[in-house]
Amino acid sequence: MKDVQPSDLDCIEFQLGRTPRDVHAIGFRCACSMPAVVETPPRLSDGTPFPTFYYATCPRLTGAISTLESSGLMAEMNQRLAEDADLAAAYRKAHAAYIADRNALGIVVDEVDDISAGGMPDRVKCLHSLVAHSLSAGPGVNPLGDEALSKLPEWWQEHPCNTEMNA
């Protein structure tokens, strides 16, 4: 596992409330230094195909994203994707970048060959995946993930995760 410490796995287990599966790397750390997004290989150790390379684990982050999903933002983004050729092209590039990141592991999984996450490249169906991609890949890669991320509150501010886990 690339740059994943036992303490990271303990934290992720605490966050998820279950043993994490096949964590390859930490894609993004919260301001409190705890894992917030993990990278998962495209085939789990039990043989299951798993296209979601970037997976948000921080419960404060996922809760904030869930609130944003309930706001109707995804429907508005889908409408814009249908009407804005430049946005649609940038979103297709985000899809290609996501797959390229996953393929960089060198693990070929035919079942998920051209599948990324979050509805890419044609629609928005999961802001959790898009935000996880934006946090891990950095700004400018996924325009709709970046947009959703910009609308989130600073989830780490009030009670940093590291104080909760160590309580």
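A crossing of two helices is right-handed if the near helix is turned clockwise from the far one by less than a right angle. In this predicted model, the crossing of α3 and α6 is of that right-handed kind. The two helices, α3 and α6, pack at an angle of about 145°, and their axes lie 12 Å apart. On the α3 side, the contact uses L73, E76, M77, R80 and L81. On the α6 side, L144, E147 and A148 meet them. By class, five residues of this α3–α6 contact are nonpolar, three are charged and none is polar.

Turn next to α2 and α5. Helix α2 spans residues 59–69 and helix α5 spans residues 127–137. Their axes are 9 Å apart, at an angle of about 130°. Because of that angle, α2 counts as oblique to α5. The crossing of α2 past α5 is right-handed. From α2 come L61, T62, I65, S66, L68 and E69; from α5 come L127, H128, V131 and L135. This contact has six nonpolar residues, three polar and one charged.

Now the core. Nonpolar side chains tend to be buried together in soluble globular proteins. Here the largest nonpolar core holds 35 residues. L61, V124, L127, L144 and L152 have the most contacts inside it. Two or more residues come from each of β2, β3, α2, α3, α4, α5 and α6. Leaving aside residues up to four places away in sequence, V124 touches M74, M77, N78, L81, Y91, G118, L130 and L144.

How values were computed:
Residues numbered from 1 in each chain as written. Predicted model: local features only at pLDDT ≥ 70, side-chain atom pairs only at ≥ 80, totals over all residues. Heavy atoms only, no water. Axes fitted to C-alpha atoms, helices over the stretch in contact; angles between N-to-C directions. Helix = DSSP H or I, 4+ residues; strand = E, 2+ residues; numbered from the N terminus. Parallel < 35°, antiparallel > 145°, perpendicular 65-115°, else oblique. Contact = heavy atoms within 4.5 Å. Nonpolar A, V, L, I, M, F, W, Y, C, P; charged D, E, K, R; others polar. Core = buried A, V, L, I, M, F, W, Y, C linked by side-chain atoms within 4.5 Å. Buried < 20%, exposed > 50% of the residue type's maximum accessible area, 1.4 Å probe, protein only.
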